[in-house]
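Q: Can you walk me through this one? I'd like to start with the helices and then move to the sheet.

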Amino acid sequence: MLVVVVIVLIAAVFAGAAAIWWRSHAKFVEGRKEHWFKAFAAERGGTFNSGVPSDAKAVPTFGVLHPSGRPLAGSATTWVEFRHRDRPVIAVDAQEPYRHFDDHTYFRDIHVTQVRVPPSPQLRITAGEVSLPTEPRLAGELARWLAATPRFAERDVVVEHGSARTWGPGCATRQNIVAEAGYLADLAEQLPTTLWRVSGGAS
């Protein structure tokens with residue numbers, strides 16, 4: 001009899017935990033549907049996607065969704081595409097998985113901002129240094145350019161696949177995506193034109 005009581009209690013605990021998880025997940029999904037990107041897209045004449053499976057599936061017209069080039073956690077990804085200073089921009093609000101010291105997988109908020117640029121070799125600006133893995137002959141010219149324009153050593157940036165992107169921890173805000181879009185637009189305008197000519201892009 002005692003065994004039956006224990007089993008019933010354990011089942012009740014699991015049922016309660018499942019109900020709490022389902023309620024919080026449903027609230028999260030509703031929150032994603034009403035993400036501020038939706039109003040921002042309407043203001044800018046842009047495109048919004050909440051990452052909720054029941055929503056119409058819009059597709060970004062360029063770029064990738066993660067600094068490394070790999071996809072973000074799909075169900076929690078929300079993005080908006082708009083124009084800033086006549087350049088297409090994509091801002092992504094998402095969660096990134098990471099392993100904790102207890103060997104469990106957790107998620108942290110991350111936002112990514114991308115600006116469309118001409119085709120070019122892959123360019124990375126990390127920790128104030130520039131690298132071009134596929135075009136090392138341009139590295140010297142880009143290093144001199146970066147030394148002459150130290151403002152662009154302030155953020156990690158990747159230029160590839162027709163986009164320049166930067167990222168940061170935490171959820172996106174209006175202030176940071178507009179500021180990051182402006183930073184990337186300035187970067188694209190001031191990078192040496194040699195970079196674009198290598199892949200036949202317009203300067």
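A: Helices here are DSSP runs of H or I with at least four residues, strands are E runs of at least two, and both are numbered from the N terminus. This is a predicted model, in which local features need pLDDT of at least 70 and side-chain atom pairs count only at pLDDT 80 or more, while totals for chains, interfaces and linings use all residues. Residues are numbered from 1 along each chain as its sequence is written, and side-chain values use heavy atoms, with hydrogens and water left out.

Q: OK. Where do Trp36 and Phe40 lie?
A: Both are in helix α2 (residues 36–44), 4 residues apart, which is about one turn of the helix.

Q: How many aromatic pairs does a search of the whole structure find?
A: The search finds 5. Rings of Phe, Tyr and Trp (its six-membered ring) pair if their centres lie within 6.5 Å; planes under 30 degrees apart count as stacked, over 60 as edge-to-face and the rest as tilted. Trp36 and Phe40 make an edge-to-face pair, at 5.7 Å centre to centre with 85° between the planes.

Q: Buried or exposed, Phe40?
A: Phe40 is buried, at 2% relative accessible area, whereas Trp36 is partly exposed at 25%. The cut-offs are under 20% for buried and over 50% for exposed, with partly exposed in between (1.4 Å probe, protein chains only).

Q: Why is the pair of Phe40 and Phe82 called edge-to-face?
A: Their ring centres are 4.8 Å apart and the planes stand at 90°, so the pair counts as edge-to-face. It links distant parts of the chain, with Phe40 in helix α2 and Phe82 in strand β2 (residues 78–84), 42 residues apart. Phe82 is buried too, at 3%. Ring pairs link Trp36, Phe37, Phe40 and Phe82 into a cluster.

Q: On to the sheet. What is the strand order?
A: It is an open sheet of 8 strands with antiparallel pairing, in the order β1-β2-β3-β4-β8-β7-β5-β6. Two strands pair if DSSP finds at least two bridges between them. The edge strands, each pairing on one side only, are β1 (47–49) and β6.

Q: And what does the twist average?
A: From one strand to the next the average is 20°. Axes are lines fitted to C-alpha atoms, for helices over the stretch in contact, and angles run from 0 to 180 degrees between N-to-C directions.

Q: What joins β1 to β2?
A: 3 bridges, and the two strands run antiparallel. Thr47 has Glu81 as its bridge partner in β2.

Q: What are the bridge partners of Ile125?
A: Val157 in β7 and Val130 in β6. β5 has 3 bridges to β7 (residues 157–160), antiparallel, and 3 to β6 (residues 129–131), also antiparallel.

Q: How many residues sit between β5 and β6 in the hairpin?
A: There are 2, and Ala127 in the turn has a positive phi of about 50°.

Q: Last topic: which strands does α4 lie across?
A: β2, β3 (87–99), β4 (105–116), β5, β7 and β8 (163–169), and it runs at about 45° to β4. Among the buried residues of α4 are Ile177, Tyr183, Leu184 and Leu187.

Conventions. Contact = heavy atoms within 4.5 Å.
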